[in-house]
Amino acid sequence: MTLLIGSLTMGMILALLAFGVLISFRILAFRDLTVDGSIALGGSVAAALIVNGFSPLAATAIAAVCGGIAGAITGVLATRFRINGLLAGILVMTALYSVNLRVMGRSNIPLMNQKTVLSPIQALAGVDDRLTLGLWTAQTQDLYTLITIVLATIAVAVTLTLYFRTQLGLAMRAAGDNIDMIRALGVDVGWMTTLGLALSNSLVALAGALLVQYQGFADVQMGIGMVVWGFASVIIGESLVRGRNVGLLIGGAIMGSVLFRLLVAIALRGGLNPNDLKLVTALFVLGALVLPDVMARLKSRNVKSRNAASR
Amino acid sequence: MLTLTDISKTFYAGTPNEVRALQGVNLKIEQGSFVVVIGTNGSGKSTLLNAVAGAFFVDEGRIELADHDVTRWPEHRRAVHIGRVFQNPFTGTAPNLSIAENLALAERRGQFRGLGWALKRRSIDELREKVKEMGLGMEDRLNNPIGSLSGGQRQSLTLLMAGLRRPDLLLLDEHTAALDPKSADQVIRLTENMIAKNKLTTMMVTHSMQQAASLGDRLIMMVRGQIMFDFQGPAKARLTPESILHKFEEVRRLERLDKPAAEQLRRVYV
Ligand SMILES: Nc1ncnc2c1ncn2[C@@H]1O[C@H](COP(=O)(O)OP(=O)(O)O)[C@@H](O)[C@H]1O
Ligand SMILES: [Mg+2]
């Protein structure tokens, strides 16, 4: 039960990461690798501010803003300085590694004995309180934490869905769908991309800030491979919802993220070496990317050979 | 409305692939005028329209549009004044967005886009009315993605979008060339109606001699980056598809005469 609740909580936190990846990769069609740096930036900033006496809520908000700035820098590099988008993301991600070390002053910060955004909720129950639901018994504190995170993530999801129905949000979606069209309608695509990357990376940094407060430490290495994790969640989500509606995609990203965490937990429990986790994740994403293409090619080859036969 | 003063554009300047796509074009278009642009392939028709729309900056010359000097305005800024339909039906619409969303985007062409709702009930009803007026039966499918429509339907919608917020200048670049004849006729009819009803100042590139003869109140013919002929008023009204074809023949004869002459000059001077 603890394992289940833990996976659900992690999945819901990392759904924010998946939202960020959904915005950059899918909605803006921009392959943004800043993510690995900005999730660690969010974690570093939140941890550093909390140990220096900031209120956890303020620390979390500032972390998100810092992520937004990182995304905006990638956007400016890609659109104003015409640097290839992948490269722009890599440059910022690499630079952020040093920035994060500077921010924390060392490679990790423990938060075990600090007040976090989750402390007030956890204080509602005693350390040893248990809640029994039929056959299941769970720690009340863990359950409260999960509920809080679920509510927060849903609130973000609803806000995002509504945002993408505004004039600005719709223009942002169009910028990722047809650049020529939206430019002819008077939208500065460079600015739109920059704004979108800022939004995306502020969500990613928010995920980082919540993650370190939930797991009780920040580590400069925590971002490695995160963009692939987020992308895996988005892909799983897309296969679950089947539709182009943004609200559905955002809902799908939540389900994808949670499902992915559960799969990871099950695999680890089943004996998967944690060191192999990133390899397995990468292979999974590779498969998901390549399979549809291979299928399409096989299909078209069949059609071609059929055409050749009938000729 | 639109004044082009001596505009030039060279692609790949200084390389063996150099193309002098516009070579000192002068053109003044009055408000409400409907100008048809013809010319052989590669004569610079699209480049002329792109220069006006701001797809690139011209190397030389001035572009004035609706009382502004827009020579150095980026494309998205000029869009306040310009409605466009492209040759490729896929260029003008966002395939993954619904018909209603595409129209809503066009309704704010060149305007500030903030956090107000993109689709309001009232504006959806208005949009539906306009789609209905086109008579293509798409008014009940406003929530379908545009990508599910045919090229002709998409082009009709792009045209509607270009005129949704009345543009000071409408640019049409062979917008029926990629369509089957029936859709092309339909789109041309919609084009005529829209331009007449709103008295739109228009530049329309076409390959069809039929369209060139029957549409517009002025016809210009481009040859190698320059305006070779310019028919206005009664002279334009007298043009027939045959007489336009005859003009093309004339140009071809001139070109044939020109080429050996140019060849000779190069041998002498290079
Ligand atoms: N963006 C561009 N880059 C390079 N060359 C171009 C570009 N646009 C047009 N050209 C070249 O300029 C010439 C005129 O092209 P265009 O204006 O498209 O002719 P058309 O009259 O057929 O529309 C052609 O030789 C074309 O290859
Ligand atoms: Mg052309």
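The largest cavity is lined by Met181(A), Ala184(A), Leu185(A), Arg84(B), Phe86(B), Gly92(B), Thr158(B), Met161(B) and Ala162(B). A cavity here is a set of points, on a 1 Å grid over the protein atoms alone, where a 1.4 Å probe fits but cannot get out, and lining residues have an atom within 4 Å of a point. Elements giving two or more residues to this lining are α8 of chain A and α5 (151–164) of chain B, and α5(B) has the largest share, 3 residues. Helices (H or I, at least four residues) and strands (E, at least two) are DSSP runs, numbered from the N terminus. The structure holds 4 cavities of 30 Å³ or more.

The model is predicted: local features need pLDDT of at least 70 and side-chain atom pairs pLDDT 80 or more, while totals for chains, interfaces and linings use all residues. Residues are numbered from 1 along each chain as its sequence is written, chains are lettered from A and ligands numbered from 1 in the order in which they are written, and side-chain values use heavy atoms, with hydrogens and water left out.

The largest pocket is an open set of points with protein on both sides within 12 Å along at least five of seven lines. Of its 23 lining residues, Thr79(A), Arg183(A), Asp188(A), Val189(A) and Gly190(A) are the closest to the centre. At least two lining residues come from each of α3 (56–79), α7 (167–177), α8 (179–184) and α9 (189–215) of chain A and α2 of chain B; α9(A) gives the most, 3 residues.

The table sets out volumes (the space filled by probe spheres set on grid points joined across faces, edges and corners) and residue classes (Ala, Val, Leu, Ile, Met, Phe, Trp, Tyr, Cys and Pro nonpolar; Asp, Glu, Lys and Arg charged; the others, Gly among them, polar).

| Space | Volume | Lining by class |
|---|---|---|
| Largest cavity | about 70 Å³ | 6 nonpolar, 2 polar, 1 charged residues |
| Largest pocket | about 590 Å³ | 12 nonpolar, 6 polar, 5 charged residues |

Contact between the chains (heavy atoms within 4.5 Å) takes 32 residues from chain B and 22 residues from chain A. The buried area, which is the accessible area (1.4 Å probe) lost on putting the two parts together, summed over both, is about 2,300 Å², with 63% given by carbon and sulfur atoms. On the chain B side, His76(B), Arg113(B) and Trp117(B) lose the most area to chain A, together 25% of what that side buries.

There is 1 salt bridge between the chains, a side-chain nitrogen of Lys or Arg within 4 Å of a carboxyl oxygen of Asp or Glu. Arg173(A) and Glu101(B) form a salt bridge at 3.2 Å, N to O. α2 (75–78), β6 (82–85) and α3 (99–107) of chain B each give two or more residues to the side touching chain A, and α3(B) has the largest share, 5 residues.
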